Amino acid sequence: MIHDALLILWDCSQIKTTGRENNGIAYAGQGDAEIFARINIIAQNHHRIQCFVEGNGFQARKTKTASGLKMCGLYSQALSEGISEVLQSYKKTLMEVESLVIGNHNYTLSFVYSYVEGFQGLFHTLNKIITTIEERKRFGCQILSLLHQYILTGDQKVHDAILRVFAYINKVFVNQLCTWLLYGELMDPYHEFFVVSQGHDISDTYLSTPSTTTCDKSLVSTLQETTLESGYILNANMIPYFVPLSLAQEILFIGRTVILFGVDPKKMKKNNSIVLNRTLMPLQKCGIDSRRFTIWEDKEAQFHEKLQKLKSPEVFEVCNLRRVIREIKQCVTKHLWTVAVEEAQLIHELKLMKDFYLLGRGELFLELLRLTAHMLDKPTARTSTRDMNHAFQLATRAVFLSNNADIEKFSFELPYVKPNVSGNSSFNDDSSTVFDGWSSIILKYDFKWPLHLLFTPEVLARYNDMFRLLLRIKKTQHDLHLLWKTYKQSTSFSMCQLHNKLMFLMDNLQHYLQADVLETNFSRLMDAVNRTNDFEKLKKAHANFLADILSQSFLTVTSSAESDYSGDTADSLNNPVFCNIMDLLKLCHSFCSLNEAVTDKEAEDYYIKGYSDRFNTLVKQLMQLLVSLRDRPCGVYLARLLMRLDYNRWLSGEAQLTQSVTNMLRY
């Protein structure tokens with residue numbers, strides 16, 4: 001009977017139940033049946049564990065099944081190897097019991113059970129892990145996460161065993177982490193890591209950046225997002241529960257940046273599908289002698305050693321992992337800053353953005369407006385882009401900038417949209433609306449590598465929003481000043497007075513945008529750039545700069561201090577201050593074309609009275625907006641603008657307000 005128990009424990013004889021099969025066994029004592037049943041339960045648990053090890057170990061990596069070729073993952077193999085090592089103590093115990101039983105035939109089943117009873121808790125825990133893996137189909141980093149949950153237990157023997165198994169799986173995880181962080185390579189043949197190739201579809205839930213959340217995002221977060229076309233994204237289902245999402249995103253960012261330094265995007269094909277499917281070259285194989293390919297310098301061995309230390313379960317803690325990741329990220333971002341600022345001349349490129357997108361070179365755009373105003377007033381045509389770029393070249397020659405190499409980085413585009421007018425649609429239908437050049441003009445910028453990390457498509461779109469607003473204000477201001485020669489000797493007092501009001505309004509609006517908004521915030525941006533050597537901080541400072549000038553120019557909606565908006569292009573249409581400013585610009589444009597519309601004195605007086613009433617209404621609305629928006633972020637900047645317009649409280653009186661803007665600011 002003892003020999004039967006030993007055979008069962010060795011997994012040489014399998015008895016599934018303690019019922020009919022045990023009836024033929026002669027028990028020495030009355031309690032031996034119960035003891036034998038307990039031994040049988042331990043043997044069954046061991047048998048199940050042994051079947052899992054044999055089915056997922058190294059020998060079973062490739063096994064034929066009914067569905068085809070089954071590939072056992074690295075994590076499952078590591079789990080099997082770890083369990084095999086843990087079971088060695090069980091086998092040694094059986095060998096010891098067997099030698100004792102052979103030497104003394106007087107030992108009973110209780111003696112055998114006393115030796116194997118200590119493995120009952122361990123086998124129970126391992127079977128729970130195996131059941132969870134099989135029923136929930138866990139694999140890859142999910143197995144690592146599952147094992148980590150069973151480390152903390154009250155049984156010291158189980159704790160030590162699970163820790164040894166976890167060490168095997170952790171080695172695979174750290175090795176994958178090391179190759180991804182240091183070399184930008186993903187050693188993951190079975191797609192078990194939480195960083196996956198974008199072309200591999202294993203789940204519907206992917207996270208590429210923090211921007212993929214369904215919640216509303218702030219404008220700064222939207223502008224700070226960077227899309228690295230490396231072909232790798234996060235698989236949220238594979239992220240271990242003890243790794244925060246922010247830390248996983250940092251790991252993804254580091255690997256993407258290493259790949260970025262290994263491949264120059266300008267030398268790659270424009271077809272994204274080819275880029276994503278091709279195998280990216282590691283840093284060692286690039287063969288290009290440039291600073292951007294020596295990202296680690298002499299720190300590679302140091303970082304490699306720190307990562308390898310994480311293989312030990314005693315060292316592997318989230319705080320230690322986070323510390324190593326932050327050190328590596330700091331090195332990457334510092335090197336990225338060096339390449340961007342010194343090699344790509346980031347400060348010079350930022351000044352170019354200010355000169356062109358923010359109309360820093362006023363003389364150039366003044367000449368450009370003189371050449372293209374008639375073109376931008378009309379709907380775009382098929383040749384509008386070519387004509388606009390030709391006029392831009394003529395304007396650069398007129399202001400002696402044609403020999404400047406920076407001019408070649410900029411070009412214009414006027415997208416042509418064919419009017420969708422059919423027999424079933426009326427001319428008032430929105431589908432048949434054709435926008436003029438002022439609302440559709442796009443300024444393109446050809447920047448150096450790797451400044452595409454800073455000037456993302458979202459950022460350039462926002463710069464174009466500012467460019468269109470500033471260009472329209474510049475054109476309106478210029479047209480009003482040209483009318484000064486016409487109205488300086490006019491006998492119509494109301495005409496001259498309205499002209500002076502409109503000029504005063506446009507001059508102060510333009511000065512507010514250029515001096516209070518652009519110059520002030522650009523100085524802050526330059527200070528932030530000069531104070532840091534971290535590319536992430538630099539990118540955040542630039543995102544703050546762009547968000548500030550957009551907000552202070554009323555191009556974004558800021559309904560309340562607590563709410564954040566994603567800042568889509570359509571948001572500007574919902575900003576009441578922006579809508580009011582656009583109405584004032586339309587009023588000025590209509591006033592400038594007054595001489596072409598009227599021919600007699602009576603009609604002129606009629607139009608002037610209508611323009612004056614409209615002007616007073618819009619100014620009153622602008623000032624009343626301060627009352628409703630002064631507790632919100634945009635109210636602060638609106639108050640700054642209205643202080644320029646109403647410094648002597650004259651507009652408050654004209655608008656018939658009960659109190660001036662100055663008095664409103666006291667509350």
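This is a predicted model: local features need pLDDT of at least 70, side-chain atom pairs count only at pLDDT 80 or more; totals for chains, interfaces and linings use all residues.
**Talking through helix packing and burial**

Trainee: What else describes the protein chain as a whole, in helices and strands?

Mentor: The protein chain has 26 helices and seven strands. Of its 667 residues, 50% count as buried.

Trainee: Let's look at helix packing. What makes helix 2 and helix 4 roughly parallel to each other?

Mentor: Start with the angle: helix 2 (residues 32–56) and helix 4 (residues 109–116) pack at about 30°, and their axes are 10 Å apart. Angles under 35 degrees count as roughly parallel, so helix 2 and helix 4 are roughly parallel. Helix 2 passes helix 4 in a left-handed crossing.

Trainee: Which residues make that contact between helix 2 and helix 4?

Mentor: Helix 2 brings Asp32, Ile35, Phe36, Arg38, Ile39 and Ile42, while helix 4 brings Leu109, Ser110, Val112, Tyr113 and Val116. Sorted by class, this contact has eight nonpolar, one polar and two charged residues.

Trainee: And why is helix 3 called roughly antiparallel to helix 4?

Mentor: The axes of helix 3 (residues 74–103) and helix 4 come within 10 Å and cross at roughly 160°. An angle over 145 degrees counts as roughly antiparallel, so helix 3 is roughly antiparallel to helix 4. The crossing of helix 3 and helix 4 is right-handed.

Trainee: Which residues of helix 3 and helix 4 make the contact here?

Mentor: On helix 3 they are Tyr90, Thr93, Leu94, Glu96, Val97, Leu100 and Val101; on helix 4 they are Phe111, Val112, Tyr115 and Val116. By class, that contact has nine nonpolar, one polar and one charged residues.

Trainee: Is cysteine 588 buried or exposed?

Mentor: Its relative accessible area is 0%. Buried means under 20%, so cysteine 588 is buried. Cysteine 496, at 18%, counts as buried too.

Trainee: What makes lysine 137 exposed?

Mentor: Lysine 137 has a relative accessible area of 66%, and exposed means over 50%, so lysine 137 is exposed. Lysine 137 is in the loop between helix 5 (120–136) and helix 6 (141–149), and its phi is near 55°, a positive value in a residue other than glycine.

Trainee: Why is histidine 191 called partly exposed?

Mentor: Its relative accessible area is 27%.

Trainee: Where is glutamate 134, and which residues is it in contact with, leaving aside its neighbours within four places in sequence?

Mentor: Glutamate 134 sits in helix 5. Beyond those neighbours, glutamate 134 is in contact with Arg48 and Phe52. Glutamate 134 and phenylalanine 52 are 82 residues apart along the chain, with their C-alpha atoms separated by 9.7 Å.

Definitions and conventions
Residues are numbered from 1 along each chain as its sequence is written. Side-chain values use heavy atoms; hydrogens and water are left out. Axes are lines fitted to C-alpha atoms, for helices over the stretch in contact, and angles run from 0 to 180 degrees between N-to-C directions. Helices (H or I, at least four residues) and strands (E, at least two) are DSSP runs, numbered from the N terminus. Angles under 35 degrees count as roughly parallel, over 145 as roughly antiparallel, 65 to 115 as roughly perpendicular and the rest as oblique. A crossing is left-handed if the near helix is turned anticlockwise from the far one by less than a right angle, and right-handed if clockwise. Contact means heavy atoms within 4.5 Å. Ala, Val, Leu, Ile, Met, Phe, Trp, Tyr, Cys and Pro count as nonpolar, Asp, Glu, Lys and Arg as charged, and the others, Gly among them, as polar. Buried means under 20% relative accessible area, exposed over 50%, partly exposed in between (1.4 Å probe, protein chains only).
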